[in-house]
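Here are a few notes to read with the fold open beside you.

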Amino acid sequence: MPHYSGPLLTAPLAGQLIAARAAGQEDWTGSLDLGRSSGTVRLQAESWQWHGQAFPYPAKLKDRTVYYWDGEDFAAVSRYAGSLIKLVPTEWGAPTFEIDGIKMLPTAKTSPLEDARRKVALIEPRGKQVLDTCGGLGYFAACCLEAGAARIQSFEKNESVLWLRTLNPWSPDPEAPVNGGRLQLRHADVSQAIAEIGSASVDALLHDPPRFGIAGELYSQAFYDQLARVLRRGGRLFHYTGSPNKLTSGRDVPREVAKRLDKAGFKAELALDGVAATRR
């Protein structure tokens, strides 16, 4: 799907535009792509001009919501297809997303992109063939591209998440010339598609599955055996688990994961908010 290139608004940003007009300003300078870049908008009484196109001043917008121009009005970047999936702005610029109100990426202390950068560093992707099992908004892939990975093969099962990516300027575009064709993104369930990947054909692995209660198959011994099959000996893996409270869940998911990875042929240890492992 082609990536959106129009303006993105949030409630605070719309407020700034309206306040600038009320103050009699002819121009407003700021970001209309969630902090990726800055530009100047020409303010008029009934509309504002950006990149040669006129847009109406929006009505009241909801907090914690990103809006895009759908050709007729500013619409929320959200979609309901069995679950409500929406893009959520952050103070860091790069947004997170939610599924039924559950935040999918950590944003309390750092940018979700910077969080991804620290995790990607654990697999040292430069020059490597990387498998990104659950692509999400593509921040792992973006950091692999930034770090000089030779090729990233990324999977995403949820069509609505793929749609969010086309509207998120921080999500890498596989078709962008700057990426040189190094990112290949497939709409597929990796728990099934992994059988098509050649043995020992991957140099490094990133596994960021939904929580266990949603996608238990991605925490199974059978799936970890497949990860071990496709990863060459000495290859590195980072597996996000989060830190569920053992007192409320009754489980120690990170240690359970580490044990299964060990059984599959990895040397695993807890790292950051997940498990780092090396293929033995």
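1. A quick definition before the cores: a nonpolar core here is a set of buried Ala, Val, Leu, Ile, Met, Phe, Trp, Tyr and Cys residues joined through side-chain atoms within 4.5 Å. Keep in mind that this is a predicted model.

2. The largest nonpolar core has 35 residues. Those touching the most other members are Val-77, Phe-97, Val-130, Tyr-139, Ile-152, Leu-164 and Leu-206. Strand E9 (84–88), helix H2 (112–121), helix H3 (139–146), H4 and strand E15 (202–207) each give two or more residues to this core. H3 supplies the largest share, seven residues.

3. Setting aside neighbours within four places in sequence, Val-77 is in contact with Val-66, Tyr-67 and Tyr-68, with Ile-85, Lys-86 and Leu-87, and with Trp-163, Leu-164 and Leu-167.

4. Seven strands form an open sheet in the order E14-E13-E12-E15-E16-E18-E17, and the pairing is mixed. At the edges sit strand E14 (183–187) and strand E17 (266–271), each pairing on one side only. From one strand to the next, the twist averages 15°.

5. How many bridges join strands E16 and E18? Five: strand E16 (residues 231–240) pairs with strand E18 (residues 274–279) in the antiparallel sense. For Tyr-240, the bridge partner in E18 is Gly-274.

6. Helix H4 (residues 159–167) packs on the sheet, where H4 touches strand E13 (151–156) and E14. The direction of H4 makes about 140° with that of E14.

Methods:
Residues numbered from 1 in each chain as written. Predicted model: local features only at pLDDT ≥ 70, side-chain atom pairs only at ≥ 80, totals over all residues. Heavy atoms only, no water. Pairing = 2+ DSSP bridges. Helix = DSSP H or I, 4+ residues; strand = E, 2+ residues; numbered from the N terminus. Axes fitted to C-alpha atoms, helices over the stretch in contact; angles between N-to-C directions. Contact = heavy atoms within 4.5 Å. Buried < 20%, exposed > 50% of the residue type's maximum accessible area, 1.4 Å probe, protein only.
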